[in-house]
Amino acid sequence: LTGMNATIRRIDQLTNILAPMAVGQIMTFGSPVIGCGFISGWNLMSMCVEYLLLWKVYQKTPSLALKSAKVEESELKQLNVKKESDVKPAEGVQLIVEKDVTGIEPQQEKEVNCAARMAEPFITFRDGWVAYYNQPVFLAGMGLAFLYMTVLGFDCITTGYAYTQGLSGSVLSILMGASAVTGIMGTVAFTWLRRKCGLVRTGLISGAAQLACLVLCCISVFMPGSPLDLTVSPFDDISARLFESEPLPTIASSEDKTEMVFATGMPNLLNGSSTPAQSDPEMSPEPVPLISVSLLFAGVIAARVGLWSFDLTVTQLLQENVVESERGIINGVQNSMNYLFDLLHFIMVILAPKPEAFGLLVLISVSFVAMGHIMYFRFAQKTLGKQLFVCCTPGPKAVSDGSPPGNTSTV
């Protein structure tokens, strides 16, 4: 199971390396339309291959087509109850009862069925959360969910901030490739640590490694080149941005047209004028120091080793410690928690979109990551007790395929 999870994650990281390279080359030497067509066709072909592989798995595993014994027993009990309730009364009694009940029973059944159908999603939602809370790996799952509340990833938010700091697209592509390489290193580290120290301790070591790397991101906030400005409130004019529309810029006349200088220092090339550095040296833009952004991305890239190792740890804990009949419910709740915290980090950026506030977002993200690993530490402390910091190599028979769930992660 450990090797399978790590292999799948390596394939995922390899696609993160190859996909941007392929699409970038197609859009560079072709056109954006050709690139969009390639992406659409590739997704359509991937969907067909995915369904074909799922069908193959279903055919090669006949047990997937059989229901568990518990479900069959409950269905048989329901059928027996229906059969007993369907026993017909005597003919004389039936004639008397039919007149009084024929007009009432359909209405009552409709009301019960409608109410049950309306309440069924809420009951399922409640039961899922109760089952998730009662799991022994609840704290580990919540720790993983807290890691999604972060801006320290190669998403559109971090990419936009990198552009404001003067990084080019080619540099960002190289950084994305480096992050995928460190992600693959994390899968390799996971398998080695799992074999040497056990599954629960692997999560502790991975979390400590991630937090140690994220210290660089915290330091970058206060280094030269960081746009952090505590005097500027990140919530200024938030009502104007969300609820009021700003007027579109007007085109100035030829008499009033002046030299336009963009934030990157590029002049307006439409009128063929020279650079402002040639005309007035005092107007030349000062180069932004790259110390802050370099430390930021160095911490983000290095932290991927611990991040993906921790992700694989929690994934395997959920696979081994959850009863088979509840795995679908628990995984669904876990995914919903991950997406919820991912949504919260986008809301956080909407509330504070200025580059001057990105440093605060970095500190908030690191604090959420730390809280997630604190939850996992509490889970590990409950699971291992005094053996928490005893890093030993489990025996070859410590984990068996037939062992009950709940005992496999305590090695």
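## The cavity

By the rule used here, there is one cavity of 30 Å³ or more. A cavity is a set of points, on a 1 Å grid over the protein atoms alone, where a 1.4 Å probe fits but cannot get out. The model is predicted: local features need pLDDT of at least 70, side-chain atom pairs count only at pLDDT 80 or more, and totals for chains, interfaces and linings use all residues. Residues are numbered from 1 along each chain as its sequence is written, and side-chain values use heavy atoms, with hydrogens and water left out.

The largest cavity has a volume of about 60 Å³. Volume here is the space filled by probe spheres set on the grid points, which are joined across faces, edges and corners. Its lining (residues with an atom within 4 Å of a point) includes Y161, C217, S292, F358 and V362. Seven lining residues are nonpolar, four are polar and none is charged. The largest share, three residues, comes from α14.

## The largest pocket

The largest pocket has a volume of about 1,100 Å³. A pocket is an open set of points with protein on both sides within 12 Å along at least five of seven lines. Its lining has 39 residues, and R9, Y148, L307, W308 and D311 lie nearest the centre. By class, 19 are nonpolar, 13 polar and seven charged.

Helices (DSSP runs of H or I, at least four residues, numbered from the N terminus) α1 (2–29), α8 (169–197), α9 (199–220), α12 (291–321) and α13 (327–351) each give at least two lining residues. The largest share, ten residues, comes from α13.

## D311

D311 sits in helix α12. Is D311 buried or exposed? D311 is buried, with a relative accessible area of 9%. Buried means under 20% on this scale, with a 1.4 Å probe and protein chains only. D311 touches R9 and L144, not counting residues up to four places away in sequence. Contact means heavy atoms within 4.5 Å.

## The nonpolar core

The largest nonpolar core has 60 residues, of which V151, L152, V362 and Y376 touch the most other members. Helix α12 gives the most to this core, with twelve residues. Such a core is a set of buried Ala, Val, Leu, Ile, Met, Phe, Trp, Tyr and Cys residues joined through side-chain atoms within 4.5 Å.

Leaving out residues up to four places away in sequence, V151 touches I157, T158, H345, M348, V349, F358, L361, V362 and S365. V362 also lines the largest cavity.

Key: Ala, Val, Leu, Ile, Met, Phe, Trp, Tyr, Cys and Pro count as nonpolar, Asp, Glu, Lys and Arg as charged, and the others, Gly among them, as polar. Buried means under 20% relative accessible area, exposed over 50%, partly exposed in between (1.4 Å probe, protein chains only).
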